[in-house]
Amino acid sequence: MLRVVLCDDERLALQRLRQLLAPHSNFQIVGEAGSKAVALKLIRKEKPDALFLDVQMPGATGLDLLKALHPPPKTVMVTAYAKYAVQAFDLEAVDYLIKPVNPQRFAQALHRLETA
């Protein structure tokens, strides 16, 4: 079972991620965060296997969060902005999803997390 943290400042985006993960029993959500500061504390406490991470968050970007983690958990970026993809992959993101997230594409990201 992979333990995951969801990081997004939008309540509806978090709800959508929970909904997409619900049918996948091999993933357990161990926490949610809406900012870099909260996410850092949560990740250090829970030590998740994976993150679903938005780019645009209050105070800092998801990319800033990845740079602050040594080593970061396996990460799937989930954002409305395609322009950050190269930076995300430079930081070793496992996948990059564009909102609104398609369920089939989400399933592919889950497979990548499991095999990374």
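Modeller: What follows goes through the sheet, the helices on it, the salt bridges and a few loop residues. Please keep in mind throughout that this is a predicted model.

Biologist: Okay, in what order do the strands of the sheet come, and what is the sense of the pairing?

Modeller: The sheet is an open one made of five strands, in the order E2-E1-E3-E6-E7, and the pairing is parallel. E2 and strand E7, residues 95-98, are at the edges with a single partner strand each, so one side of each has no neighbour in the sheet. From one strand to the next, the twist averages 20°.

Biologist: How many bridges hold E1 and E2 together?

Modeller: Strand E1, residues 2-7, and strand E2, residues 27-33, pair over six bridges in the parallel sense. Within that pairing, Val 5 has Gly 31 in E2 as its bridge partner. To get from E1 to E2 the chain passes through helix H1, residues 11-21, and this β-α-β crossover is right-handed.

Biologist: And at the other end, how many bridges are there between E6 and E7?

Modeller: E6 and E7 pair over four bridges, in the parallel sense, and Val 78 stands opposite Leu 97 in E7.

Biologist: Back to H1, which of its residues are buried?

Modeller: They are Ala 13, Leu 14, Leu 17, Leu 20 and Leu 21. Looking down the axis of H1, these buried residues fall within an arc of 125°, so they line one face of the helix. Arg 11, Leu 12 and Gln 19, by contrast, are exposed on the other side of H1.

Biologist: What do those buried residues pack against?

Modeller: The buried residues of H1 pack against E1, E2, strand E3 (50-53), strand E6 (74-79) and helix H5 (103-115). As for its placement, H1 lies across E1, E2, E3 and E6, and its direction is at about 160° to E1. H5 also packs on the sheet, where it touches E1, E2, E3, E6 and E7, and its direction makes about 165° with that of E7.

Biologist: Changing topic, how many salt bridges are there?

Modeller: The count comes to seven salt bridges. In one of them the side chains of Glu 46 and Arg 3 meet, at 2.8 Å from N to O. Glu 46 lies in helix H2, residues 36-46, whereas Arg 3 lies in strand E1, so this pair ties together parts that are 43 residues apart in sequence.

Biologist: Which residues are networked with Arg 3?

Modeller: Arg 3, Lys 45 and Glu 46 are linked in a network of salt bridges. The side chains of Lys 45 and Glu 46 meet at 3.9 Å, N to O. Lys 45 is exposed, with a relative accessible area of 66%, while Arg 3 counts as partly exposed at 25%.

Biologist: What about Asp 95, is that buried or exposed?

Modeller: Asp 95 is buried, because its relative accessible area is 2% and the cut-off for buried is under 20%. Its side chain meets that of Arg 112 in a salt bridge of 2.7 Å, N to O. The pair links distant parts of the chain, since Asp 95 is in strand E7 and Arg 112 is in helix H5, 17 residues apart. Arg 112 is partly exposed, with a relative accessible area of 37%.

Biologist: Now the loops. Where are the cis peptide bonds?

Modeller: One joins His 70 and Pro 71, with omega of about -10°, and Pro 71 lies in the loop between helix H3 (62-68) and E6. Another joins Lys 99 and Pro 100, with omega of about -5°, and Pro 100 has its place in the loop between E7 and H5.

Biologist: And which residues other than glycine have a positive phi?

Modeller: Among them is Lys 47, with a phi of about 50°, found in the loop between H2 and E3 and exposed at a relative accessible area of 60%. Glu 92 is another, with phi near 70°. Glu 92 lies in the loop between helix H4 (85-90) and E7, and at 67% relative accessibility it counts as exposed.

Biologist: Last one, what does Ser 35 touch?

Modeller: Leaving aside residues up to four places away in sequence, Ser 35 touches Met 57 and Pro 58. Ser 35 is found in the loop between E2 and H2, and at 17% relative accessibility it counts as buried.

Technical notes
Residues numbered from 1 in each chain as written. Predicted model: local features only at pLDDT ≥ 70, side-chain atom pairs only at ≥ 80, totals over all residues. Heavy atoms only, no water. Pairing = 2+ DSSP bridges. Helix = DSSP H or I, 4+ residues; strand = E, 2+ residues; numbered from the N terminus. Right-handed = clockwise from strand over helix to strand, strands pointing away. Buried < 20%, exposed > 50% of the residue type's maximum accessible area, 1.4 Å probe, protein only. Arc of directions from axis to C-beta. Contact = heavy atoms within 4.5 Å. Axes fitted to C-alpha atoms, helices over the stretch in contact; angles between N-to-C directions. Salt bridge = Lys/Arg side-chain N within 4 Å of Asp/Glu carboxyl O.
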